[in-house]
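Colleague: I would like to learn how to read the features of a model that is new to me. Could you take me through them one by one?

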Amino acid sequence: MPTLRTQIEINAPRAMVWDVLTRKDEWRRWNTFLFDADPALALRQGQEVFLSVRRLEDDEFTDFEPLITLVQPNNCLRWIAKMPGFKSESAFELQDLSPTRTLYTHQQRFKGILSTVFLPFIRQDEKQGMKRMARQLKRYVEHREYRQYQREKRDRRYGA
């Protein structure tokens, strides 16, 4: 089964990385690989979401409707996208390296007779997009912009 995988160490607690990763309404602030047609719809196990992927930054969008198969808060998010003869399983996993460092892993597995047709055309671009997303996630979480955003959100919530 063909698999693509990327990892990056992020200098932030796992809960903070999870918060950024699962807030689809905030993806537009940092993520140029995945886009959401309905950002207000939360990522819930058993639910379909409507996403687009842009493998290269100047590339066209490819729409898909994955089914969320697993949501383990602060740990793992998985979905499956299918079409006749092709299945893609994506997993986003977080592991503690220390209380303030997290290992982010994004893995995609491809199955089906058409994966041998599609994968040679998208493999390199898909891998580049996955790496770009990992770098952008790291930069956003570690950057003071996210921390400032969290403070502002908290202040709005408590009326400060």
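**Rings, bridges and core**

Modeller: Let us begin with the aromatic rings, where ring pairs link F64, W79 and F92 into a cluster. This is a predicted model, in which local features need pLDDT of at least 70, side-chain atom pairs count only at pLDDT 80 or more, and totals for chains, interfaces and linings use all residues. Residues are numbered from 1 along each chain as its sequence is written, and side-chain values use heavy atoms, with hydrogens and water left out.

Colleague: How many aromatic pairs does the structure hold?

Modeller: Rings of Phe, Tyr and Trp (its six-membered ring) pair if their centres lie within 6.5 Å; planes under 30 degrees apart count as stacked, over 60 as edge-to-face and the rest as tilted. The structure holds 5 aromatic pairs. In one of them, the ring centres of F86 and F110 are 5.9 Å apart and the planes stand at 40°, so the pair is tilted. This pair links distant parts of the chain, since F86 belongs to strand β7 (residues 86-98) and F110 to strand β8 (residues 101-111), 24 residues apart. Helices (H or I, at least four residues) and strands (E, at least two) are DSSP runs, numbered from the N terminus.

Colleague: Is F110 buried or exposed?

Modeller: Buried means under 20% relative accessible area, exposed over 50%, and partly exposed in between (1.4 Å probe, protein chains only). F110 has a relative accessible area of 2%, so F110 is buried, and F86 is buried as well, with 14%.

Colleague: Which residue forms a salt bridge with K24?

Modeller: A salt bridge is a side-chain nitrogen of Lys or Arg within 4 Å of a carboxyl oxygen of Asp or Glu, and the structure holds 8 of them. K24 forms a salt bridge with D36, their closest N and O atoms being 2.3 Å apart. The pair links distant parts of the chain, with K24 in the loop between α1 (14-22) and α2 (27-30) and D36 in strand β2 (residues 34-36), 12 residues apart. Both K24 and D36 are buried.

Another salt bridge joins E89 to K111, with the closest N and O atoms 3.0 Å apart. Here too distant parts of the chain are linked, E89 lying in strand β7 and K111 in strand β8, 22 residues apart. E89 counts as partly exposed at 22% relative accessibility, and K111 is partly exposed at 32%.

Colleague: Where is the place of L41, and what is L41 in contact with?

Modeller: L41 sits in the loop between β2 and β3 (51-53), and its relative accessibility of 26% makes it partly exposed. Contact means heavy atoms within 4.5 Å; leaving aside neighbours within four places in sequence, L41 is in contact with K24, Q47, E48 and V49.

Colleague: Which residues have the most contacts inside the largest nonpolar core?

Modeller: A nonpolar core is a set of buried Ala, Val, Leu, Ile, Met, Phe, Trp, Tyr and Cys residues joined through side-chain atoms within 4.5 Å. The largest one has 30 residues, and those with the most contacts inside it are I10, L34, W79, F92, Y104, M133 and L137. Two or more residues each come from β1 (3-10), α1, α2, β3, β6 (76-83), β7, β8 and α3 (115-142), and α3 gives the most, with 6 residues. Leaving aside neighbours within four places in sequence, the contacts of F92 include L34, W79, Y104 and M133.
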